[in-house]
Amino acid sequence: MYAVGTLDGGVTHLIEHYGLFFLFGIVCLESAGLWVPGETALIAAAVYASKGHLSIPTVVAVAATAAIIGDNIGYWAGREGGRRLLYRWDWLARISDRVLPPAERFFVRHGGKAVFLARFFGGVRVTGAWMAGITRMEWWRFLLWNAAGGIVWAVGVGLIAFYVGKTAADAIAHYGVYGGIAIAVILALALVGLHMWRRRAEAVDSA
């Protein structure tokens with residue numbers, strides 16, 4: 001999840017006071033299936049690291065580890081408890097009998113991609129691991145794609161927020177990770193354009 005508009009002040013306050021412990025806990029809880037601002041916490045920690053208060057490699061490592069562990073908790077909760085819950089009441093069992101077979105076929109064919117991409121979308125990030133567990137996706141396959149998604153997400157979001165700062169952080173908070181990437185790309189293109197313009201101006205002056 002992420003805060004709407006700008007980086008959440010409460011999350012930033014907690015990062016400043018509890019640091020990596022808070023980051024690990026909140027990312028882990030979000031990945032396990034709770035609606036808490038895990039991505040916002042990563043952004044806040046990375047921005048805080050850019051000011052010299054935390055180590056960005058440590059921030060990325062903690063977030064990736066928390067994401068992988070939390071997703072596995074969500075997976076096993078869905079596999080062991082979620083499926084039983086779906087068949088606890090007859091009316092829900094009838095719905096599950098219609099919905100689960102196509103969901104299971106989907107996860108057999110596309111489960112890896114779904115688990116990886118779920119990490120980059122707020123609402124799906126919270127429920128993706130549960131769905132993989134409920135549909136009985138093979139655990140080793142889930143773990144592989146889950147780890148890849150968690151690492152890429154932590155590195156991508158963490159480094160964008162660290163190097164580009166609050167502008168990208170707020171874009172991620174409002175539009176998701178792709179908003180931050182777009183801001184980073186625009187800034188990079190602007191810097192390249194400025195560099196080329198300066199070289200051309202120097203060439204004209206020396207002619």
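A residue is called buried when its relative accessible area is under 20%, exposed when it is over 50%, and partly exposed in between (1.4 Å probe, protein chains only). The structure is a predicted model, in which local features need pLDDT of at least 70 and side-chain atom pairs count only at pLDDT 80 or more, whereas totals for chains, interfaces and linings use all residues. Residues are numbered from 1 along each chain as its sequence is written, and side-chain values use heavy atoms, with hydrogens and water left out.

The protein chain contains 8 helices and 0 strands; helices (H or I, at least four residues) and strands (E, at least two) are DSSP runs, numbered from the N terminus. Of its 207 residues, 43% are buried. A contact is defined as heavy atoms within 4.5 Å. Among contacts with a separation of 6 or more, 75% are between residues 24 or more positions apart.

Helix α2 (residues 38-50) is mostly covered, with 12 of its 13 residues buried. Among the buried residues are Gly38, Glu39, Leu42 and Tyr48. Just after α2, Gly52 takes a positive phi of about 90°.

A nonpolar core is a set of buried Ala, Val, Leu, Ile, Met, Phe, Trp, Tyr and Cys residues joined through side-chain atoms within 4.5 Å. The largest such core has 31 residues, and Ile15, Leu23 and Trp153 have the most contacts inside it. Helices α1 (9-32), α2, α3 and α6 each supply at least two residues of this core, and α2 gives the most, with 9 residues. A second, separate core of 7 residues includes Tyr75, Ala129, Ala132 and Met137. In soluble globular proteins, nonpolar side chains tend to be buried together. The residues touched by Trp153 include Val27, Glu39, Leu42, Arg119 and Arg125, with residues up to four places away in sequence not counted.

A salt bridge is a side-chain nitrogen of Lys or Arg within 4 Å of a carboxyl oxygen of Asp or Glu, and the count comes to 3. One joins Arg125 to Glu30 (3.2 Å, N to O). Arg125 lies in helix α5 and Glu30 in helix α1, so this pair ties together parts that are 95 residues apart in sequence. Arg125 also forms a salt bridge with Glu39 (3.4 Å, N to O). Because Glu39 lies in helix α2, this second pair ties together parts 86 residues apart in sequence. Arg125 is buried at 2% relative accessibility, and Glu39 at 1%.

In another salt bridge, Asp71 pairs with Arg119, the closest N and O atoms being 2.8 Å apart. Asp71 is in helix α3 and Arg119 in the loop between α4 (90-118) and α5, 48 residues apart. Asp71 is buried, with a relative accessible area of 7%, as is Arg119 at 3%. The side chain of Asp71 also makes a polar contact with that of Asn146 (2.7 Å). A polar contact is a pair of N or O atoms within 3.5 Å; within protein, one must be able to donate a hydrogen and the other to accept it, and residues adjacent in sequence count only if both atoms are side-chain atoms.
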